[in-house]
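User: Could you walk me through this model, beginning with the terms and then the strands?

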Amino acid sequence: MAKEIVDAMAMQRALTRITYEIIEKNKGVANLVIVGIKTRGVFIGQRIAERLQQLEGATIPVIPLDITHYRDDDTDGNGEKSSFNVDIDNKRIILVDDVLFTGRTIRAALDAIMDNGRPAAVNLAVLVDRGHRELPIRADFVGKNIPTATSEKIRVNMKEFDGMDGIEIR
């Protein structure tokens, strides 16, 4: 049974807060590139980029990233390496995902980023941090900390993919 723990308005506020924190930490938006982990991380990244455009008047590229090939549990080898259509050398990367859990997806994403160039820095933005890390990975920008049991699931719904915005716990 799913229980909504963050509604659409609270989700929008969290994304706006993350956007302001990105501007503050980077002292503006010069040399920023957003890399969104498929699927919902791309939509979150696009929303952050739109808000950065409204606030700073700059267009920030958003790169969709499929990390399937880089996962340590991709035993069938079906994933393909991602190639970026934007030069990321010496850029400040904002890596975006919906939920931070064990850290393994982020580790895979970092490998994919490094295969595509040498950024000046990589910061992590997540909508939800639910704890239970298996690797020493921490988000720089967090929309909501939601402590969970390992048996619980967090579902982020995005209007672009799911038809509505919100976060549920199951």
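Analyst: Two strands pair if DSSP finds at least two bridges between them. Helices (H or I, at least four residues) and strands (E, at least two) are DSSP runs, numbered from the N terminus. This is a predicted model, in which local features need pLDDT of at least 70 and side-chain atom pairs count only at pLDDT 80 or more, while totals for chains, interfaces and linings use all residues. Residues are numbered from 1 along each chain as its sequence is written, and side-chain values use heavy atoms, with hydrogens and water left out.

User: How many helices and strands are there in the protein chain?

Analyst: The protein chain has 4 helices and 8 strands. Along the sequence they follow the pattern β-α-β-α-β-β-α-β-β-β-α-β.

User: What is its radius of gyration?

Analyst: The value is 15 Å, which agrees with the value near 15 Å for a compact globule of 170 residues. The radius is taken over C-alpha atoms, and the globule rule is 2.2 Å times the number of residues to the power 0.38. Along the principal axes, the C-alpha atoms fill a box of roughly 45 × 40 × 30 Å.

User: And what share of the residues counts as buried?

Analyst: Of the 170 residues, 46% are buried. Buried means under 20% relative accessible area, exposed over 50%, and partly exposed in between (1.4 Å probe, protein chains only).

User: Which strands pair with E4?

Analyst: Strand E2 (residues 32–37) pairs with E4 in the parallel sense over 5 bridges. E4 also pairs with E5 in the parallel sense, over 8 bridges. Arg92 of E4 takes part on both sides: Leu32 stands opposite Arg92, and Arg92 stands opposite Ala121 in E5.

User: Why is E4 described as largely enclosed?

Analyst: Strand E4 (residues 92–100) is largely enclosed by the rest of the structure because 8 of its 9 residues are buried.

User: What does UniProt list for residues 93–105?

Analyst: An unreviewed UniProt entry lists these residues as "short sequence motif: PRPP-binding". The position is given in the numbering used here, the feature name is shortened, and the annotation may be inferred rather than shown by experiment.

User: Changing topic: which residues of E8 are buried?

Analyst: In strand E8 (residues 166–169), Gly166 and Glu168 on one side and Ile167 and Ile169 on the other are all buried. In a regular strand the side chains alternate between the two faces of the sheet.

User: What pairs with E8?

Analyst: Strand E1 (residues 3–6) pairs with E8 in the antiparallel sense over 3 bridges, and Glu168 in E8 is the bridge partner of Glu4. Strand E7 (residues 154–157) also pairs with E8 in the antiparallel sense, over 4 bridges, with Ile154 opposite Ile169.

User: Where is Arg130, and is it buried or exposed?

Analyst: Arg130 is in the loop between strand E5 (121–129) and strand E6 (141–145). Arg130 is buried, at a relative accessible area of 6%.

User: What does it touch?

Analyst: Leaving aside neighbours within four places in sequence, Arg130 is in contact (heavy atoms within 4.5 Å) with residues including Val99, Phe101, Thr148 and Ile154. Its side chain makes a polar contact of 2.9 Å with the side chain of Thr148. A polar contact is a pair of N or O atoms within 3.5 Å; within protein, one must be able to donate a hydrogen and the other to accept it, and residues adjacent in sequence count only if both atoms are side-chain atoms.

User: Which residues does Ile23 contact?

Analyst: Ile23 lies in helix H1 (residues 8–26) and is buried at 13% relative accessibility. Beyond four places in sequence, its contacts are Gly28, Val29, Leu52, Leu55 and Glu56. The C-alpha atoms of Ile23 and Glu56 are 8.6 Å apart, although 33 residues separate them along the chain.

User: Where is there a cis peptide bond, and which residue has a phi near 50°?

Analyst: Most residues other than glycine have a negative phi, and most peptide bonds are trans. The bond from Lys38 to Thr39 is cis, with omega near 10°, and Thr39 lies in the loop between E2 and H2. Lys27 has the positive phi near 50°; Lys27 is in the loop between H1 and E2 and is exposed, at 77% relative accessible area.
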